Amino acid sequence: MFKKIDTKLSTILLLIMVITISYGQEGKDGKVLKDQNYTTCTNFKCLEKNKNKRIIVKGILRTYTPNKTGKGAGHMFWDWEILLDDEIAIPVMSKDQRLDLSIYNKKNILIDGNVFYGIIIGSPDGQNATGYRIDINTIQKQTTYNKE
């Protein structure tokens with residue numbers, strides 16, 4: 001009799017734990033961005049002012065579009081970029097391999113992340129390119145967006 005109760009109790013506790021974790025993750029994405037007191041950027045000028053700082057970035061996530069001419073033409077240096085209000089696209093990366101950015105493709109999003117300014121292609125000892133990149137901490141779809 002105790003074995004049946006123990007098995008049922010274990011199953012119920014496991015189910016409660018899974019539900020709690022999944023709701024906690026879902027709520028965390030929305031709440032983190034609303035409760036933070038970081039600068040919110042929608043254009044490149046704002047990113048320049050906040051380089052190497054943690055901020056909130058608003059824009060449209062899209063698949064990276066490689067340059068058509070010049071060095072590196074046609075090469076996919078990264079997979080994703082965010083299109084800002086001033087039509088400038090900035091590379092976006094996530095160190096969390098579990099984060100599936102494809103679900104946000106072509107969507108208005110908010111990114112809680114770090115504006116990295118430095119070598120984004122290559123290495124310090126060889127050929128390289130310096131520029132901006134957004135390193136994602138969390139991401140969520142925007143509920144409202146003014147730009148059409």
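1. Is the link of C41 and C46 left-handed or right-handed? The link is left-handed, with -60° about the S-S bond. The sulfur atoms of C41 and C46 lie 2.0 Å apart and form a disulfide. The term covers a pair of cysteine sulfur atoms within 2.5 Å. By this rule the count comes to one disulfide.

2. The model is predicted, so local features need pLDDT of at least 70 and side-chain atom pairs count only at pLDDT 80 or more, while totals for chains, interfaces and linings use all residues. Residues are numbered from 1 along each chain as its sequence is written, and side-chain values use heavy atoms, with hydrogens and water left out.

3. Back to the two cysteines. Are they buried or exposed? C41 is buried, because its relative accessible area is 0%. C46 is buried too, with a relative accessible area of 15%. Here buried means under 20% relative accessible area, exposed means over 50%, and partly exposed lies in between (1.4 Å probe, protein chains only).

4. Now the whole chain. It has two helices and six strands. Read along the sequence, the pattern is α-β-α-β-β-β-β-β. Helices (H or I, at least four residues) and strands (E, at least two) are DSSP runs, numbered from the N terminus.

5. How much of the chain is buried? Of its 148 residues, 29% count as buried. The chain exposes about 10,300 Å², and carbon and sulfur atoms supply 54% of that area. Accessible areas come from the Shrake-Rupley method with a 1.4 Å probe; for residues, only the protein chains shown count as cover.

6. Contacts come next. A contact means heavy atoms within 4.5 Å. Take the contacts in the chain with a separation of 6 or more: residues 24 or more positions apart account for 59% of them.

7. Look at strand 3, residues 80-83. Two strands pair if DSSP finds at least two bridges between them. Strand 2 (residues 54-63) pairs with strand 3 in the antiparallel sense, over four bridges. There, L61 has I82 as its bridge partner. Strand 3 also runs antiparallel to strand 4 (residues 89-94), again joined by four bridges. In that pairing, W80 has V92 as its bridge partner.

8. Which residues cover the two faces of strand 3? W80 and I82 are on one side, E81 and L83 are on the other, and all are buried. In a regular strand the side chains alternate between the two faces of the sheet.

9. Follow strand 4 onward. Strand 4 and strand 6 (residues 128-141) pair in the parallel sense, over three bridges. V92 turns up again here, with I134 in strand 6 as its bridge partner.

10. Check the turns. Strand 3 and strand 4 form a hairpin with five residues between them. E87, in the loop between these strands, has a positive phi of about 65° although it is not a glycine. E87 is exposed, because its relative accessible area is 51%. N52 also has a positive phi, of about 60°, and is not a glycine. N52 is found in the loop between helix 2 (44-49) and strand 2. With a relative accessible area of 49%, N52 is partly exposed.

11. How many aromatic pairs does a search of the whole structure find? The search finds three. One involves Y117 and Y132: the ring centres are 4.7 Å apart and the planes meet at 50°, so the pair is tilted. The pair links distant parts of the chain, with Y117 in strand 5 (residues 107-122) and Y132 in strand 6, 15 residues apart. Rings of Phe, Tyr and Trp (its six-membered ring) pair if their centres lie within 6.5 Å; planes under 30 degrees apart count as stacked, over 60 as edge-to-face and the rest as tilted.

12. Stay with these tyrosines. Y117 is partly exposed, at 32% relative accessibility. Y132 is buried, with a relative accessible area of 12%. Together with F44, Y117 and Y132 form one aromatic cluster.

13. Last, charges over rings. The rule asks for NZ of Lys or CZ of Arg within 6 Å of the ring centre and within 35 degrees of the ring normal. The charged end of K51 sits over the ring of Y117, 4.5 Å from its centre. R133 lies over the face of F116, at 4.3 Å from the ring centre.
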